[in-house]
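Try each task before reading its solution.

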Amino acid sequence: MRFGVTVFPGTNCEMDTFYAIREAIGEQADYVWHQDRDLSHYDAILIAGGFSYGDYLRTGAIARFAPVMDAIAEFAAKGGLVLGICNGFQILTEAGLLPGALQRNAHLKFRCSWVHLRVENADTPFTGGCRPGQVLRIPVNHGEGNYFADPDTLRELNENNQILFRYCTADGEVTPEASPNGSLENIAGIINKAGNVAGMMPHPERACEPILGSADGRYLLTSMVNFLTGRASHV
Amino acid sequence: MRFQAEVIVSLKKGVLDPQGSAVEGAIKSLGYEGVGQVRFGKHITLVVEAGSREAAEALVADLCKRILSNPVMETFTFTVTEVA
Amino acid sequence: MRFQAEVIVSLKKGVLDPQGSAVEGAIKSLGYEGVGQVRFGKHITLVVEAGSREAAEALVADLCKRILSNPVMETFTFTVTEVA
Amino acid sequence: MSEQQPWLLVGLKEDEYRRVVQILGREPNHVELQMFGVMWSEHCSYKHSRATLKRLPTKGERVLQGPGENAGVIKVDDDLAVAFKIESHNHPSFVEPFQGAATGVGGILRDVFTMGARPVALLNSLRFGPLDDPRQRHLFSGAVAGIGHYGNCVGVPTIGGEVYFDESYRGNCLVNAMCIGILHPDKIHKGIAAGPGNPLMVVGARTGRDGIHGASLLASAEFSEGSEEMRSTVQVGDPFMGKLLLEACLELFETDAVVGIQDMGAAGLISSSSEMAARGNVGVEIDVRKVPAREEGMEPWEFLLSESQERMLVCVKKGREPEVEAIFKKWGLLSAVIGQVTDDGMVRVLDGDRVVAEVPAHALADEAPVYHPAKAEPAYLAGLRAFDWSALPEPEDWNATLLKLLNSPNIGSKEWVYQQYDQMVLLGTVIAPGGDAGVIRIRSAAGPGSHGVTRQKPGVDLPRPTAPEGPQKGIAAKIDCNGRYVYLNPRRGTAIAVAEAARNCVVTGARPVAITNNCNFGNPEKPEIFWTFDEAITGMAEACEALGTPVTGGNVSFYNETSGEPIHPTPTIGMVAVHENLDRLTTPGFKQAGDVIVLLGE
Ligand SMILES: Nc1ncnc2c1ncn2[C@@H]1O[C@H](COP(=O)(O)OP(=O)(O)O)[C@@H](O)[C@H]1O
């Protein structure tokens, strides 16, 4: 299995994401430069976190014009798995590959801390290894993670089961206090209608080893691997 | 011809403005009365070269749509003025 | 009386605007030609209650100085319009 | 500028000016005078502190680079070294806390990565007046946001720090930032120019008029009044460009094209070029017209003194310029050849064809006067010693007193601060802020979360990762100083700061190996202030000798006073410790009911 990890100017979690794939789940990975257009080597693309283009204008607003984003749109259109983490999520919404937008945190401050996530849909390529309702402990690290969508979009997301994770308490309760950023309905991650493009604000790559505080992030990466292996074996 | 463009990008109605609310709160806590509905947007200035005013306006409109604003939550207005 | 105020806060001349430069670079790399001097400022709208236009203007000027702008790096301008 | 005495215009004293004339054998011209003004300023020349700082122990088995370079370097083992340094940005932060603190972090990051190291951790030390004052809250929240803005964007975790609030900092806050980087011990880069004919290149951001008429240069007659009004001297940090510069420089170091490199921070081009020339015992010739400018109509002296951020001066092997250009271009950055190394020991500045300045490099970099200011014990100390402790009443309600203490911002949780900092990026943080020292694990000299693989061909399988041989190593670090203790007893108070930093590191299981320090004091020309500084250095030297932690560098920030009121003397200690085996990492907090609790020490 081979993952492509994107690098835009200002990306700063690419080494971590690369490391998590290589060391924590033992799969292959490459860095994909923002000018690259060839994604033919990859089974899945991870859009790594950071501050692409310094977060200037709006988070993700400039990165979405990079050549690699055209390639990613094509890759996704063909059913390829794409996961945007943090800034990756922001880029995917700017690019229109995921609905909604990420606004500044309601408290206006950057927030780096551990949070709990409730798995809302365990029937996706990204969460197949989780139990529905399972609570994961994974850190967030962002200034603009406050998910926004208009009421119609929000309804659709709910109806189609497109909400992957909500911020919750350690017991799995979705309360306003459990949200680190004021996100609508505590949304922490979503998936597109087709079920192959996902975005999330928390950083699973930071939670792949007990020494770093949690290994729950592995659920996501191994779910992706299992899904891809399953699919490969069907071909 | 050179034009000075002034773009204003505002949050759509109905989109919460945390910064606006925070500043409104700060204003009130300083004892100012009768101040409300504080909302923050962006003010962007740029210089464009174009063959005519129409061309300049078309260019700026295009920039606003494609780059300077996000249609999910923002709207924009702009003016274009010729400069020497 | 109620007034709608529109405030524009801009960076002083000579203050580096990294955001402006980065956006200008992005615009250029998208193939737009003849676009330059991109600079970012804030556009703030608010509603104030005051006994007269003069009082409203004085209030807004005060808010601009004390809260809405950072005098070390920024300047401001504003307009005030009566609303029904 | 004719009315005033020339030296006053650039903040020199009359006899300093005479000395310049003596060195040159003539009167300096306007540009040369400006150059001496900044290079002989306290900030660049350490003229009041140099002699005293000599007392600090700077040698040790592990010291690969002591004071005098952009950062100190300590050896961990044959494959791993640690570069680290602390730097103050007190005055800029008092004027504009967000940008002041942000550019402080940017500067210390550059100091560390110019050494060839990848920055892997940041710490900071902050001091403000009491928080019931809105201005102090503005400074405090602005500085914290600014530190986060820069460090978070560049992607270096903040693993610790300290915050104190005290009356003495009301008119003069302190913002000190420390950075730790890792590198291979054989691949240290220095700020040196060598090899006549080798080109000098400016890389990174364009040069503007930022920060030029700060400090000693306010009195320049070059600006009309109107332009002064509208112009701000605040330096704005661009962490995005800082990140690109970092990656581009590290990529450049992977080639062997670099002879020497230095950050262009304070006093920009003039300090970097003259210091590089002086260290290499060579001369340099630079043409200011070749420096990429951000504004039109800049004067030669403005190019030389500009403090525009995110720039580096690099001395490159002749013929390798295209390689350097290609790397910076890839990262979207400018690079320009602005001159070359010469063999005559002079710093020669050209404006096109015209020579506008020509002075010996050593005169600028090394020959500033060294002062031995008068010392006198401050009168307040006698009063303090006479204080009768037994006259203090015992609290009536110990519980209430405890709650009151816990409620004090100096003792309460600092979570509000460090939640605004990325504490985890690079996947190294094994003890984050909230404990004692911060601890990061180190896997290789290329970064905690890396295998040394930066970029490889797409589609090529790598061997399965193998666990590194031997126990997993780590670096612990902490910043400490209790200014009140130093105020009460400068010598012991400073020794206590060293000991506290050491204890904080030791409790994680790490062995302290070296310190960097940031001496924040008032005006050294006052005998009382200089006495406290002198005593503090003695205390620091004693403690460092006792603990075997040499001083590999630091920073002196004098003149921290407002209207004659100095801050508490605050010699901040930044300590680095080596953890030999993270299987034995000890973390704070009680673990299990029934565990035995032991109190160690007196
Ligand atoms: N400015 C800061 N930046 C990052 N971490 C900080 C800062 N101030 C305090 N901390 C962290 O908060 C924790 C508690 O700090 P402090 O109360 O000063 O503890 P101590 O008294 O043990 O030094 C430490 O882990 C420290 O590193």
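The model is predicted, so local features need pLDDT of at least 70 and side-chain atom pairs pLDDT 80 or more, while totals for chains, interfaces and linings use all residues. Residues are numbered from 1 along each chain as written, chains are lettered from A and ligands numbered from 1 in the order written, and side-chain values use heavy atoms, without hydrogens or water.

**Exercise 1.** Describe the contact between chain D and chain A.

Step 1. Of the 5 pairs of chains in contact, A and D share the most contacts, a contact being heavy atoms within 4.5 Å. Here 42 residues of chain D meet 39 residues of chain A.

Step 2. The buried area (accessible area, 1.4 Å probe, that two parts lose on being put together, summed over both) is about 3,600 Å², with 58% from carbon and sulfur atoms. Phe240(D), Met424(D) and Leu427(D) supply 18% of the area that chain D buries against chain A, more than any other three residues.

Step 3. There are 2 salt bridges between chain D and chain A, each a side-chain nitrogen of Lys or Arg within 4 Å of a carboxyl oxygen of Asp or Glu. One of them joins Arg206(A) to Asp422(D), with the closest N and O atoms 2.9 Å apart.

**Exercise 2.** Describe the contact between chain C and chain D.

Step 1. Chain C brings 10 residues and chain D brings 14 residues.

Step 2. Together they bury about 1,100 Å², 65% of it on carbon and sulfur atoms. On the chain C side, Leu16(C), Val72(C) and Met73(C) lose the most area to chain D, together 43% of what that side buries.

Step 3. The number of salt bridges between chain C and chain D is 0.

**Exercise 3.** Which residues line the largest cavity?

Step 1. The structure holds 3 cavities of 30 Å³ or more. A cavity is a set of points on a 1 Å grid over the protein atoms alone where a 1.4 Å probe fits but cannot get out; lining residues have an atom within 4 Å of a point.

Step 2. The largest cavity has a volume of about 60 Å³, volume being the space filled by probe spheres set on the points, which are joined across faces, edges and corners.

Step 3. From chain A, the lining takes Arg58(A), Thr59(A), Gln90(A), Thr93(A), Glu94(A), Ala101(A), Leu102(A) and Glu144(A); Asn70(B) and Met73(B) come from chain B.

Conventions:
1 Å grid on protein atoms, 1.4 Å probe; cavity = no way out; pocket = protein on both sides within 12 Å on 5 of 7 lines; lining within 4 Å.
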